[in-house]
Amino acid sequence: RGDKIAWSNAPIPYLISPRRTALLTTQPTLRWNPVPGATSYTVTVEGVTPQGEVVANWTTQVSETQVVYSGESPLNPGVEYLAIIQANPGASSLDEPSRPGGLHFTVLDHTQAEIVRDKAAEISQQDWEDSAKALAQVQLYAENQLIAAAIALLEELVATGVESAPIYRRLGELYLHELALVPQANTYYTKAVALVDANDLEEQAAALEGLAQTQLALDQNDAAIRSFNLALDVYQRLGDGQRVKQLETTLGDLINE
C-alpha cells in the first residue's frame, strides 16, 4: 500500500541516488524524482557514526533535480549518510514509506576501494564484448554493495546505444531489489521483455517475472496477472517445478483478492 501511494498517487522527491549503496567517491551526484510544480529543492546530507556522533550536516538549495555533493563536510568510511530532499512546496523525500535497511549510503573503506578498482581494471582489459565486461564489473560492484556504481556503468552502456535484454533486466533487478525503486525497475524490465530472445527461456522468464513484480507494486494488477501468467508458462517449458508452484500461489492470491 505504501509503495502504491509513493509511486502513483502523491509525487514526492524520493531519492534516486545515492541510496542503499556504498560509494567509491566522496563527492557523489545526488539525484531525485521531480515534483510537478516545485520551483526549488532543499538538499540536506546528514551523517551519523555508529556511536551516534553527527559528522556531516550539509545543506544547499537548487532548482534542478540533481546536485554534486560539495565535499565541505568530508564523507568518511564507517559512517551512515542520509540525503533528504525537501521540495518547494511541501513534499519531502521523507514521505517515502520506510524500507527494511533504510535509505542510507556509505563510503567504501579506502583499502577495499583500491582492491575493487584494481579488479575492475583487470576486467576492462579482457578481450570480451563490452556487454560481457560490463556485466562482470557489475557483479564485482554488487558483491561490494556498490549498487550506484553498478547502475551507472550499465546506464552509461545503454546511453551508447547498446540494447541487450540481460543488461536491461539486470538494471531492473538492481533498481527493484537493491534500491527499492519501482518506477525505474519497471522501465528497464519492460525493455528487457521487449528485447529478449524468444529462445532464451531463462532470460525471458526472469524478465517477465520482474516486470510482473513492478506492475503489482504500481497497482497495475491486471497487467501483473498477465505477466505472471506468461512467466509461469515459460517456467513450465523450462521444467522448473519450484518456480511454477510459487507463481501459481502468487497468481491464486492475486485473483482471489
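Is Arg117 buried, exposed or partly exposed, and what is its relative accessible area? Select Arg117 in this predicted model: the residue is partly exposed, with a relative accessible area of 35%.

**Stop 1: a pair within helix H2**

**Stop 2: a pair between helices**

Next, select Glu203 and Arg169. Their side chains meet in a salt bridge, 2.7 Å from N to O. Glu203 is in helix H7 and Arg169 is in helix H5, so this pair ties together parts that are 34 residues apart in sequence. Glu203 is buried, with a relative accessible area of 9%, and Arg169 is buried as well, at 16%.

**Stop 3: Glu96 and Arg99**

Move to Glu96 and Arg99. They form a salt bridge whose closest N and O atoms are 3.0 Å apart, and both residues are buried. Over the whole structure, a search finds eight salt bridges.

**Stop 4: the nonpolar cores**

Select Tyr141, Ile151, Leu154, Leu171, Leu174 and Tyr175. These have the most contacts inside the largest nonpolar core, a set of 39 residues. At least two residues of this core come from each of helix H2 (110–124), helix H3 (130–143), helix H4 (147–159), helix H5 (165–178), H6 and helix H7 (201–217). H4 gives the most, with seven residues.

Centre the view on Leu154. Leaving aside residues up to four places away in sequence, Leu154 touches Ala134, Leu135, Val138, Ile167, Arg170, Leu171 and Leu174.

Then go to Leu30, Trp32, Tyr81 and Ile85. They are among the 22 residues of a second, separate core.

**Stop 5: helix H6**

Finish with residues 182–195, which make up helix H6. How far apart are the end C-alpha atoms of this helix? They are 20 Å apart, which agrees with the 20 Å that 14 residues should span at 1.5 Å a residue. To see which part of H6 is covered, select Val182, Gln184, Ala185, Asn186, Tyr188, Tyr189 and Ala192, which are buried.

Methods: Residues are numbered from 1 along each chain as its sequence is written. This is a predicted model: local features need pLDDT of at least 70, side-chain atom pairs count only at pLDDT 80 or more; totals for chains, interfaces and linings use all residues. Side-chain values use heavy atoms; hydrogens and water are left out. Helices (H or I, at least four residues) and strands (E, at least two) are DSSP runs, numbered from the N terminus. The expected span of a helix is 1.5 Å times one less than its number of residues. Buried means under 20% relative accessible area, exposed over 50%, partly exposed in between (1.4 Å probe, protein chains only). A nonpolar core is a set of buried Ala, Val, Leu, Ile, Met, Phe, Trp, Tyr and Cys residues joined through side-chain atoms within 4.5 Å. Contact means heavy atoms within 4.5 Å. A salt bridge is a side-chain nitrogen of Lys or Arg within 4 Å of a carboxyl oxygen of Asp or Glu.
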